[in-house]
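Let us walk through this model together, from the overall layout down to a few residues that deserve a second look. Please keep the structure open beside the text as you read.

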Amino acid sequence: MDLVTNSILSSSVAIFSLGTVIGASSVYCLMRKPKPAVPTSERFEFPDLKNEYRLILAIRNDLKMQKGKVGAQCGHASVAAYAKAMKLKPKTLQRWMQYGGTKITVKVDSEAELLELDKRAKTNDILSCVVRDAGQTQVAPGTRTVVAIGPAPKSELDQITGHLKLY
């Protein structure tokens, strides 16, 4: 090796070593720095596991909708419930989201039963949204397919939908 090549190699090793020491020192200093406390409002906590907030999606079983159709109708109902809660009950929405946005699907056997659930929810000051289909695929236009009830505490929802079977 000639003198120039040897000089370049030794300076490269020195620069690499210096960079490694500075990098390791920086990481050490940053790791020792105390972390700021996370505000309680940003923590993912379950305040009361016995009264979890949920959204109930009651699906009309008599329509015999295909799985994809049921999924789409439940999606419409969930979005409608979220939007309504954001506008009318933001604290309830926040609590529901703290619990992970739990959604429970149950089945009803008729439009009358679906409308009765909607009525009982409103009577108990619980948000509810009835989904009407556009009628472009499997059901007639305006057909009521799903009702979203909540979000609300489980204890309140059980008074309205606790008797229903899971979908």
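Read along the sequence, the protein chain of this predicted model follows the pattern α-β-α-α-β-α-β-β-α. That makes five helices and four strands. Of the 167 residues of the protein chain, 31% count as buried. The accessible surface comes to about 10900 Å², and 60% of this belongs to carbon and sulfur atoms. Among contacts between residues at least 6 apart in sequence, 75% join residues at least 24 apart.

**The strands around E4**

Which strands pair with E4? Strand E1 (residues 53–60) runs antiparallel to E4 and is joined to it by six bridges. Strand E3 (residues 128–132) also pairs with E4 in the antiparallel sense, over five bridges. Val 146 of E4 is a handy residue to look for here: Val 146 is the bridge partner of Ile 59, and Val 146 is likewise the bridge partner of Val 131.

E4 also holds a feature of the backbone. Pro 151 has its place in this strand, and a cis peptide bond joins Gly 150 and Pro 151, with omega of about 5°. Most residues other than glycine have a negative phi, and most peptide bonds are trans.

**Helix H2 and its cover**

Next comes helix H2, which takes in residues 67–88. At 1.5 Å a residue, its 22 residues should span 32 Å; the end C-alpha atoms are 31 Å apart, which agrees. The buried residues of H2 are Lys 69, Val 70, Gln 73, Cys 74, Ala 77, Ser 78, Ala 81 and Ala 85. An α-helix has 3.6 residues a turn, so residues three or four places apart point the same way.

How exposed or buried is Ala 81? Its relative accessible area is 0%, so Ala 81 is buried. Leaving aside neighbours within four places in sequence, Ala 81 is in contact with Leu 55, Cys 129, Ala 148, Gly 150 and Pro 151. Ala 81 and Ile 56 are 25 residues apart in sequence, and their C-alpha atoms are 9.9 Å apart in space.

**The nonpolar cores**

The largest nonpolar core has 19 residues, of which Leu 55, Leu 57, Ile 59, Cys 74, Ala 77, Val 146 and Ala 148 touch the most other members. The elements that give two or more residues to this core are E1, H2, H3, E3 and E4. H2 gives the most, with five residues. Apart from this core lies another, of 14 residues, among them Ala 58, Ile 126, Ala 152 and Leu 164. In soluble globular proteins, nonpolar side chains tend to be buried together.

Leu 55 has contacts with several parts of the chain. Not counting residues up to four places away in sequence, Leu 55 touches Ser 78, Ala 81, Trp 96, Thr 102, Lys 103, Ile 104, Ala 148, Ile 149, Gly 150 and Pro 151.

Asp 118 has its place in helix H4, residues 111–123. Leaving aside neighbours within four places in sequence, Asp 118 is in contact with Ser 128, Cys 129, Val 130 and Val 147. Two other residues stand out for their backbone: Lys 64 lies in the loop between E1 and H2 and has a positive phi near 55° without being a glycine. Asp 125 lies in the loop between H4 and E3, and its phi is also positive, at about 60°, although it is not a glycine.

| Residue | Relative accessible area | State |
|---|---|---|
| Cys 74 | 9% | buried |
| Cys 129 | 10% | buried |
| Asp 118 | 12% | buried |
| Asp 125 | 57% | exposed |
| Lys 64 | 64% | exposed |

As for disulfides, the count comes to zero.

Conventions:
Residues are numbered from 1 along each chain as its sequence is written. This is a predicted model: local features need pLDDT of at least 70, side-chain atom pairs count only at pLDDT 80 or more; totals for chains, interfaces and linings use all residues. Side-chain values use heavy atoms; hydrogens and water are left out. Two strands pair if DSSP finds at least two bridges between them. Buried means under 20% relative accessible area, exposed over 50%, partly exposed in between (1.4 Å probe, protein chains only). Contact means heavy atoms within 4.5 Å. Accessible areas come from the Shrake-Rupley method with a 1.4 Å probe; for residues, only the protein chains shown count as cover. The expected span of a helix is 1.5 Å times one less than its number of residues. A nonpolar core is a set of buried Ala, Val, Leu, Ile, Met, Phe, Trp, Tyr and Cys residues joined through side-chain atoms within 4.5 Å. A disulfide is a pair of cysteine sulfur atoms within 2.5 Å.
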